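Student: I would like to go through the side-chain contacts and helix packing of this model. Can we take it one contact at a time?

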Amino acid sequence: MESPSYSILLHYSEIALKLKNRSHFEKIFIQNIKIHMQGLEYSRIELYAARVLIHDINKDIWDEYKKRLEQIIGMQHATLVLKTKTDLEQIKNAAKLLIKDKNIDSFRITTKRNDKSFEYDTNDINKYLGAFVQELTNAKVSLKFYSLNIIIEILKNYSFVGYERIKGFSGLPAGSQEKALSLISSGIDSPVASFELIKRGVKLDYIHFHSYPAISNQSIENVKEILNILKLYQLKSKLYLVPILSIQQKIMEIIPDKFWVIFFRRVMLQISNIIANKINAVALVTGDSVGQVASQTLSNIRAISDASFLPILRPLSGSNKEDIINKAKKIRTYDTSVLPYQDCCSFFVPKHPETKAKMKDILFYESKINLDDLIDEAIINIEKVNINIKDNV
């Protein structure tokens, strides 16, 4: 047998459901893979039979490949494999090489036959390879409780034998949809909400509102760190840092304190709409979860949303806090999100905020205050930060 080479076999998820525009999503998916693989050894990336193959990798740094693979949005799973000819003896020899020096007490064979013209069906292959591995290792066959799963994919021109499969986040390839602007804090929820939209292929830019120097700039630094994590999934984005202290001070002079946070958030939406229009974003994203805090009751969500002409996407609206925390840990934003910081809204929250705002009251008080000049000033003083995965690949 000619010496087999190691490859990575990737299966995508929802792209497989696309019909006429599948090639568009495949192209973006492969472009993203190339960016994720920068600096790692491989010869070429090939699209074949609804699979993506990364050929001739360096098996000795498999752990580094795994880290990158886990970040590829749109990937269902990836497997470390040996490439071999579509011939049962060649496949058997590849399996032998694959399990060499491995101590296993139980195993299973999982075969997928894409080439239906191959003379053996999946059951035949499983039985033949299972008997061979059992004889070689004295390990028992177990379909449910196994220490090694030998994965075989039968394709027309060549086949693959692997044993280590990594699950991805699935979804659509990062950057394959239109743009939205995410209102991000350095808390737990909005980074998770942003990730949920990244997983849908939405191109996200971010906007963060702060009250520096009345409070520290820690939330700004935390947000930058969070986006340095989220960029591992989306690859590139922009962050808009908006100073709103003077606007908040004006609101606190004129508006009853129970409505402060509602008016803060209405202004945030107004400014976000202006920025979104400039960058051609067609929706806003927030981390709202219904009933979690006073500003997220249904009545207050309505009172706040009324200030936006763009649709507002709330992917966490029905999630409980435990689910959100678990996802934050999984995507690795949690540790940064729980660092101490002062939020531009929570710092000014009164003791008894309104929980069921009426639109007639909101519109009445809004008629008593003109924030146009202060909003223009805030926009002029926006700081823009580029977030790019290439900076640390």
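Student: Which residues do ring pairs link into a cluster with Tyr-48?

Tutor: This is a predicted model: local features need pLDDT of at least 70, side-chain atom pairs count only at pLDDT 80 or more, and totals for chains, interfaces and linings use all residues. Residues are numbered from 1 along each chain as its sequence is written, and side-chain values use heavy atoms, with hydrogens and water left out. Rings of Phe, Tyr and Trp (its six-membered ring) pair if their centres lie within 6.5 Å; planes under 30 degrees apart are stacked, over 60 edge-to-face and the rest tilted. Ring pairs link Tyr-48 into a cluster with Tyr-158 and Phe-160.

Student: How many aromatic pairs are there by this rule?

Tutor: A pair of aromatic rings is described by the distance of the centres and the angle of the planes. The rule for pairing gives a count of nine aromatic pairs.

Student: What is the geometry of the pair Tyr-158 and Phe-160?

Tutor: Both Tyr-158 and Phe-160 are buried (under 20% relative accessible area; exposed is over 50%, partly exposed in between; 1.4 Å probe, protein chains only). Their centres are 5.6 Å apart and their planes make 85 degrees. The pair Tyr-158 and Phe-160 is edge-to-face.

Student: Which parts does the pair Phe-195 and Tyr-233 tie together?

Tutor: Phe-195 and Tyr-233 are edge-to-face, at 5.0 Å centre to centre and 75 degrees between the planes. Phe-195 is buried at 0% relative accessible area, and Tyr-233 is buried at 1%. Helices (H or I, at least four residues) and strands (E, at least two) are DSSP runs, numbered from the N terminus. Phe-195 lies in helix 5 and Tyr-233 in helix 6 (residues 218-234), so the pair ties together parts 38 residues apart in sequence: helix 5 and helix 6.

Student: How do the axes of helix 5 and helix 10 cross?

Tutor: Axes are lines fitted to C-alpha atoms, for helices over the stretch in contact, and angles run from 0 to 180 degrees between N-to-C directions. The axes of helix 5 (residues 189-198) and helix 10 (residues 321-331) come within 9 Å. They cross at roughly 70 degrees. On the angle scale (under 35 degrees roughly parallel, over 145 roughly antiparallel, 65 to 115 roughly perpendicular, the rest oblique), helix 5 and helix 10 are therefore roughly perpendicular.

Student: Which residues of helix 10 meet helix 5?

Tutor: Contact means heavy atoms within 4.5 Å. From helix 5 come Asp-189, Pro-191, Val-192, Phe-195 and Glu-196. They meet helix 10 at Lys-321, Ile-324, Lys-327, Ala-328 and Ile-331.

Student: How far apart in sequence are the parts that Arg-200 and Glu-14 tie together?

Tutor: Arg-200 and Glu-14 form a salt bridge at 2.6 Å, N to O (a side-chain nitrogen of Lys or Arg within 4 Å of a carboxyl oxygen of Asp or Glu). Arg-200 is partly exposed at 33% relative accessibility, and Glu-14 is partly exposed at 25%. Arg-200 lies in the loop between helix 5 and strand 10 (203-210), Glu-14 in the loop between strand 1 (6-12) and helix 1 (22-36), so the parts tied together are apart by 186 residues.

Student: Where do Lys-92 and Glu-89 lie?

Tutor: Their side chains meet in a salt bridge at 3.0 Å, N to O. Lys-92 is buried at 16% relative accessible area, whereas Glu-89 is partly exposed at 37%. The two are three residues apart, about one turn, in helix 3 (residues 88-98).
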